[in-house]
Amino acid sequence: MDIEHDGEVIGESGDPHKQIILPNEAMPGVIQVIPQEQRPFFPGQAIPLTLSAERWLPTLQAVRKRGQDVIGVIASKNSLEDGIKPSHLYEVGCLCRVHRVHREGEQLQVLLEGLQRFAVRKWVSEELPLTASVRYFPEPQKSQSSEQTAYAVAIINTIKELIPLNPLYGEELKLFLTRSSTNEPSLLADFAASLTTAGKEELQEVLERIELQPRMELVVKLLRREVEIAAAQMEIREHVEQEIQGHQREAVLRQQLKYIQKELGISKDDKTAEADEFRERISELTLPDKAAQRIEEELNKLQMLETGSPEFAVTRNYLDWLTSLPWGIVSRDNENLSAAKKTLNKHHEGLDDIKERIVEFLALGIMKGDAAGSIICFVGPPGVGKTSLGRSIADALGRKFFRFSVGGMRDEAEIKGHRRTYIGAMPGKLLQALKDTEVSNPVIMLDEIDKIGASYQGDPASALLEVLDPEQNGSFHDHYLDLDFDLSKVLFICTANQLDTIPGPLLDRMEVIHLGGYLDNEKLVIARRHLLPRQIKRAGLTSKDVKVDAAALRKVIEGYSHEAGVRRLEKALASLVRKAVVKLLDGTEKPIKISKSDVETYLGKPHYEKEQLQSGVGVVTGLAWTAMGGATLPVEATVVHDNSAGLKLTGQLGDVMQESANIAYSYLRGNAETLDLQTDFFDKSHVHLHVPAGATPKDGPSAGITMAVAISSLARNKAPKKKFAMTGELTLTGLVYPVGGIREKLIAAKRQKLKNIILPAANARDVEEVPEHITRGLTIHYVKSFADVAELIF
C-alpha cells in the first residue's frame, strides 16, 4: 500500500506481491478498524473515502507496518463528533482492501474495495488506531438451492425495473458486471442492497444477515420499496415537465401571435392596450374639466415611459384609480315612503320615535330629490341597533351601503389618503368606499366615531371636519388623487356610545339622534321576532325543532341580560339553542321545549338578581347614566360618631362627584335652620357618605340632590318616602340644575318599578322628547330648588 502526499509517496511500500491478499487466501485475525458514519460497506463494493489526515493517518500507517493492505470498516451508531468508542460501533463490518491513499493538505483520499464480512471477537486496542480480533464469514460462490436461484432472478428483474425509472441504476449495474457475475448470489444481494436509498439501520441488518437466503429475502423487499419510490419520483418529474412544456408552448404561441398581429397591423403593445382600457372607462364617466385634463396628461406620460420603470407602475396605478372612481354616477333613490317605513319596521322593533325621525329625514330627501346634505349621528349604548339602523336606511333609500370603523384610527391618511410620492400610496377610505360601491351617492357609515384617536401622524378627527361639512365636502381634496371630488351626494351616518369624546367642531356638524335602551317588554318582542329565529336558523334548525315559551324568554331577559342593548340577550339565546342542538343529537325527540323552569338548567344560575331597593334613614335612590345605559344609584349616609364634625366619602367617587357631595354638605350646614334641620347636628356629627358598588368608578354632578337628601335624612332622623328616585345637580345656593341622560335614567327607573321621579325643572323639555310608552305610569316631579325636593321627599 502506497501513501502519497501531494503526489509523492510517503514511506516505502516494499514488495507489493507480499502485501496483496487474494480473496481465497487466509485473512489476518487482527486488523485495524475505521468507523464509517454514513452507510455500511458491502463486499464487492469499490468506495472512495475521505478521511481526516490528523486522525486516521496513524491507522493507515499501522496497516502498512503490519505488511497488510486490508482494513476493517464498521458503521457507527452515533455521530463521530461525539467521540470514537468501540461501544458506539456495530459488531459486524466489512473487510476492505486499501488500493490507494492520497493526501491533499489535511484530507486523505482513500480508495477501498469490500472483500468479506467479519464480526469483532474482542477489541485489542480501544484507542486510536482501533485494533480488533475478528472472525470471518466466507461467502458461497454459487447458488446452493433453487430458492436462492429464484431470489437471484427476482433481484435481477427488479433491478431491470429500476433502470428505466432512473438511468443511474444502469451505470451502477455496468460497473458491477465488470467486476462480478450475476451467478454469484452473495455479491448480487450485497450489490442490490447498496443500490437502494435505505437507511443505515436497514443496510446494517442486511450486512448482519450471514445466511444467504434470509439476506436475499430482505434485499428483495428493499428493492420493491425502491421501485415504488422511483416510480413516484418519475411520475412527479413527468408531471412537472409536462407543466413546464405547456407554459413554454403557451409563451411561444403568444410571441408568435404578437408577431402575426404586428405584421397584419392589428397588434397593440401593453401600454397601448392599457391606455385604450382607461379611455374606454372614462367614456362612461361624467368628468369635471380638471379631472379630464389630468387624465389626458397622465395618459400621455404613460405612453412615453418604459413598462419596466418604477414611474410607469406609479402612473398606471394613479390612472387606474382615477378611472375607477364613479365620477357623475349616481343610483336612483327609492321615493316610496311607505316602502321605506316597512323596511325600517321589518328590521327593528320599537324605537318608534327614532324611526319617525328617520322617516321625516327621508321624506325631506324625497321631496327635494336628494337625501344627502345633513350628517346623522346615532348615539346610544352598545347593542341598541345603531349600525343596523344605518343599513336599514340604505335599504329604505335603495342605496348601496359601505361601513368602516374609525375607532382607534390615528393616521389622517386613512381619511385623506397618502401623497403619491410615497411608495405604496393609496387614496383614503372614503374614495375606496366610492370605488367599491361604484356610485357617488352611497350611504357611508363611520362607526365608533367617539373612539377616534390622534398621534404624531395626524388627527383623523380634524380631517373629518371637511368630510362631514355639507358646505365643504362638495370639493373634497384627497392627497393621493390631488383633485377635488364631490362627496355632497353621500349620506354620512356616524355612530357613537357617548358624545363627550367627540371634538366639539366635529359634533357641531352632525345631527345627533339619541337611542336609549330597551325596556324588558321591548326586549321580549325583539327576542321572539328577531333574535331567537336568527339563532335557530344559524344552528340549521327550524322553529318546529326548538320552542321557547314567553315565560322562559322573560326569565332570560331579567336574569341574564340587564344591559341597555340586546347583545347579551342574543348570546344567552344562542347558548340555549346550542344546548338544544346537543340534546337533539343525543336522541331527544323533536321539538325541544324550553320552559321557565328549564332556563337555569341550560344557562346556570342567573347573572343578575332582582335589585332590592333599600329604604330607611340616610338611604336614597338616585338615577345615573353610564355608557351602557341608565342605572339606579343608591346613596347611603350614616353618623360615625358625635365627637367632631366632618364628612367622609367612599365608593370610588370621581372629582366632580366628590365636589357635589361637599356642596351638598356645605349647603345643608349653612341652611340648616331654613330647612328645619337639627342645628347642632352639623356641629358634632361625623357623617360617612357611601355610594355602592365600591369597585365601580363613578363621576358626574347629577347625584347632587340625591346626596343632599341622604344627609338631610340623617339630620332630620327621618326616612325619605319610598318609591322615589331623583337626579339633579345642586348648587351652593340650593338651586337644582339640569342634567343629561334623562331618557336612559327614566328607563332605569321604569325597570326597577319606581313610580315617582324627581327631575330638575329645566329637564322638562327632555322629558317631552321621551316616547310616551316610557313615561307611561311614571309621576314626574319638577323642582327648581332643594327646598322643593325636601317638601316632596319628607
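A cavity is a set of points, on a 1 Å grid over the protein atoms alone, where a 1.4 Å probe fits but cannot get out. Grid points are joined across faces, edges and corners, and a volume is the space filled by probe spheres set on the points. With these terms in hand, the structure holds one cavity of 30 Å³ or more. The model is predicted, and totals for chains, interfaces and linings use all residues. Residues are numbered from 1 along each chain as its sequence is written.

The largest cavity has a volume of about 40 Å³. Its lining residues, those with an atom within 4 Å of a point, are Leu351, Gly517, Tyr518, Glu522, Arg743 and His773. Sorted by class, this lining has two nonpolar, two polar and two charged residues; here Ala, Val, Leu, Ile, Met, Phe, Trp, Tyr, Cys and Pro count as nonpolar, Asp, Glu, Lys and Arg as charged, and the others, Gly among them, as polar.

Turning to the whole chain, its C-alpha trace spans about 135 × 90 × 60 Å along the principal axes. The chain contains 28 helices and 26 strands, both being DSSP runs (helices H or I, at least four residues; strands E, at least two). Of the 794 residues in the chain, 47% are buried, that is, under 20% relative accessible area with a 1.4 Å probe, counting protein chains only.

Methods
Predicted model: local features only at pLDDT ≥ 70, side-chain atom pairs only at ≥ 80, totals over all residues. Heavy atoms only, no water. 1 Å grid on protein atoms, 1.4 Å probe; cavity = no way out; pocket = protein on both sides within 12 Å on 5 of 7 lines; lining within 4 Å. Buried < 20%, exposed > 50% of the residue type's maximum accessible area, 1.4 Å probe, protein only.
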